[in-house]
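Please consult the sequence and the structure while reading.

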Amino acid sequence: MTMQGMLYIALVFALVLGCAFPMGSYMAAIFEERVNYLAPVENGFYKLAGVDPKRAMRWTDYATTLLLLSVIHFLLLYAILRLQYYLPMNPLHIAGMSPRLAFNTAASFSTNTNWQAYAPESQISNGAQVFGLVVHMFISAAAGIAVAAAVMRAFTTGGLQSLGNFYADLTRITLYLLLPVSIIAATILVVAGSPQTFAQTFTAHTLDAGSQTIAIGPVAFQEAIKELGTNGGGFFNANSGHPFENPDAWTNLLENWLDLVIGFGLPIAFGIMLKDKAQGRALMFAMAIILSLGCIGSYAAEAAGNPLHIAAGVSASGGNMEGKEVRFGIVGSTTFNVAATGTSTGAVDSFTDSYMPLGGAIPLFLMQLGEVTPGGVGSGFYTIIVFALLSVFVAGLMVGRTPEYLGKKVQAKEIKLAMLGVLILTIFILAGAGFSLMTKSGFGSLANAGPHGLTEMLYAWSSATENNGSAFAGISADTPLLDYGLGSAMLFGRFAFLIPVLAIAGSLAAKPKLSASSGTFPTTGPLFIGLLIGVIIILGGLQYLPADTLGPLADQYLLAAGKTF
Amino acid sequence: MSISRELRPALSLVVLFTILTGFILPEAFTGAMQLALPFQANGSLLTVNGQVVGSALIGQNFTSAKYFQPRPSALSGTDAKGNPISTPYDASESGASNLAPASASLLQSVQQRVVAYRKAFGPGPVPADAVTASGSGIDPDISLANALRQAPAVASARHLDAAKVTLLVNQMAHESFLAIVGTQHVNVLQLNLAMDRLGAP
C-alpha cells in the first residue's frame, strides 16, 4: 500500500461524489418532467406506442406493466440468441445458442445482471450484441431507475394513489439520461482507443510469431452503457481487462466513475424531490462509507502480494499481479472491481478468482449486503430505502414508538414486506450454492480446489441472485444445472424483490404525510447514518458469515499457513 | 387494468427502443467514429511497409532473444486432435488463468517462470508482472522495472550497447500521473518495433 494508492481511491470518491450532486439534480428534473428538450422524439414514441404518459398508475399497474415489458423483452432476446446464425451482422457465422444458454443469457440481460456463461468472442455475433444485448442494457437500467423514481414519489406527499407512469418514466430516463451520457462517454472511449467498427476480426502479421487474429467490433458504444447502466456485460471475455474495452488508466477511471455516478446521484435526486436535501445526503454517505472501506480493504490485500509467490522469488513491491493488467496497476484494478460489485455492474478489469482470499471476499460481501453501496442503478436506491425502513423500525422498537420515515408511518405491513424481500434473496443464495455443491455437476464446475472452490460457487449464486453478474470466472457456468439454476436466481432476485418494494411504495404513498414532531427519530445525522450502516451489515450480511468463514476466511488462513491445493 | 390492453404499449416500446438503441444509434455512432477517428475506431493498427503488424493496444507473443518478452498469457485452445494446448496472445479470445492464490499449479508455474527469468536476465528479485499471467491474456504492457531488467540481454542478443537500449526503454516508458493514476510501463510491441528500427540483427 502506498500513499499514492490511497490518493487514487480518494480521487475516485471525490470525482463521483462531487458529480453526484449535479447528476442528482438533473435526474430529479427528469423524474419531475422539468426536462423536455427531446419532446418531439418522446411524444413520437408515445404516439406510436399508444401510451398516455399522464395516465396515473397505482403500484399494481406499475408492477404489472414493468413485468409485462420485461417478459416481452426477455422473449425477444431469447429468440435473437437462438436465431443469431440467421440474423444480420454475423460475419463469423456463429451458431445460435443452445436453449439453456439462451435462457440463461436472456434472463441475465433482462434483469440487469449481465452474468456471462458464454465466451463472447466465439459464441455471440456482433449483431446479437448490438441489437440484442445493448438494447437490454438501456432498458433494464431504465426500468430499475423508473422503480426508484416511483419509490421516491411515494414519500413526497400524503394520500398519493399513483406512483407515476411506468412507460413515461422508462422512455424519459432512456432518452434524457442514459442515451446522452453514454454517447458522450463512448466518444471519449473511442478517442482513447476503444474500437467502433462492424468488422469482427482482423489479422496482423506479427514480428516474431507468424500471424495473429484479433477480435474487434462495435466495442465503445456497448462499453459506455455497460458501465453507466451498471450492466457489466463485456464485449469480450476479459471484460474491462481487455485493452479494447479499457485502453488505459484514464479510461479505467472514467469507467469506474460511470459505474458509480447514477447510483450515488439517486439519493441526491430523492432529497431534491422531498425538498429536504439532507435526507438524500445521509443515504449517499452511508453508501459511500461502506464502499470506501471496501476499496481500501481490497487494495491492502492485493498490494501486499502473495506470500507463496514472494517466497518463490517474486518481488514483493509489485503486489499480486495474477489476473491483473499492468496499465491499471493494483489500486486501479481493485478499486474498479470493488466499485463494480458495490454497484450491481459486475464488470471486472482484473480477475477476482485470482485475488487474495480477503481481496476477493470484499466484492463477495458487497454483493451479499444486497447491492446498496450504491447498488445497481435504481435497484440500489430502492434497496437502501428498505434498509432505511428497517432502521427506523429498529430505532422505534428501542424507544417504543410507532416508527415513521420521512413523515410516513411504517407499520407491520411494510416491515413484513421488507423482511420478505431481504430473506427471500438469502435463501436463494445459500440454498442454491449449497445444493449445487451437493451435486456431481455443480462440484465438477469448480476450477479450484479447497475452500476457494466453495467461494467460487457461493460467489456465482450471490452474483446471480443480487443481479451483479461478475464471477470467480474459473467456474464452468454453461452446464444445465448452473444455466437453469442461476438463470432462475437472476429472475427471482430481480422481480421477487422489486414487487414487494413497489407494494411498500404503494402502501406508503397512500398514507398521510405527517410533519416531524419532537418524538420523530431524525434521519439525517451521523446517528442515523451509523444505525443504517449497522442494519445493512447485520441484516444484510450476517447471515452469510458462516458460509464466508468456510470460503474466503478459511482460504486466507490456510494460505498463510503455506497450504496449497 | 387488463393485460391485453397493455400489450400494445409494452410491445411497441420494446420494438421502438430496439430500433433506436439497437440499430439507428449504433449505426450512426459507428459511421461518425469511422469518419472522425478512423485510427482508433479500427483498432489502432500499426503498419510497417504497408503491412499490418499488430494493434498498438493488443499484446503479441515474442519468443526470440532479440525481442523484449511480454507477460505470461493464460490463453489456451485445442489442437487439431482436440487436445488442450497453450495459445498465448491468441487475440481471437481473451481471459485469465483464474487460478486461486493458493493454487499448487499456479505456484509451480510461478516457480518455473522465476527460474527461467533469472536464467535469461540474471539473478535477483523478479518483477511480479513478469511471472504472472495477465487478466486479458493479451496485456500489451510490461512494467518499466521488467523492461529495464531485460534490456541488457536484449542488447547483447542484438550486439548493441546496453546503455543505448536502456535509454530507449526509458524514452518509451509511459509515466503515471503524479504516481496516482496509472503505472510506469512500456508497450512491448512498440518497444520491439523501435528495437527493429534501432538496428541489427
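The model is predicted: local features need pLDDT of at least 70, side-chain atom pairs count only at pLDDT 80 or more, and totals for chains, interfaces and linings use all residues. Residues are numbered from 1 along each chain as its sequence is written, while chains are lettered from A and ligands numbered from 1 in the order in which they are written.

**Chain B**

Chain B contains six helices and six strands; helices (H or I, at least four residues) and strands (E, at least two) are DSSP runs, numbered from the N terminus. From that terminus on, the order of elements is α-α-β-β-β-β-α-β-α-α-β-α. The radius of gyration of chain B, 23 Å, is well over the 17 Å that the globule rule gives for 201 residues, so the chain is more spread out than a compact globule. This radius is taken over C-alpha atoms, and the globule rule is 2.2 Å times the number of residues to the power 0.38. The C-alpha trace of chain B spans about 80 × 45 × 45 Å along its principal axes.

**Contact between the chains**

Chain B gives 85 residues to the contact and chain A gives 103 residues, two residues being in contact if their C-beta atoms, placed from the backbone, lie within 7 Å. On the side of chain B that touches chain A, α1(B) provides the largest share, 20 residues.

**Helix α15 of chain A**

Helix α15(A), residues 412-438, has 27 residues and reaches 38 Å from its first C-alpha to its last, close to the 39 Å expected at 1.5 Å a residue; the expected span is 1.5 Å times one less than the number of residues. Among its buried residues are L417(A), L425(A), F428(A) and I429(A). A residue is buried if 20 or more other C-beta atoms, placed from the backbone, lie within 10 Å of its own, exposed if 12 or fewer, and partly exposed in between. The buried residues of α15(A) pack against helices of chain A including α13 (357-368) and α18 (480-510).

**Backbone exceptions in chain A**

Most residues other than glycine have a negative phi, and most peptide bonds are trans.

| Residue | Phi | C-beta neighbours inside 10 Å |
|---|---|---|
| N112(A) | about 65° | 31, buried |
| K275(A) | near 60° | 8, exposed |

N112(A) lies in the loop between α4 and α5 of chain A, and K275(A) in the loop between α9 and α10. The peptide bond from T373(A) to P374(A) is cis, with omega near -5°; P374(A) belongs to the loop between α13 and α14 of chain A.
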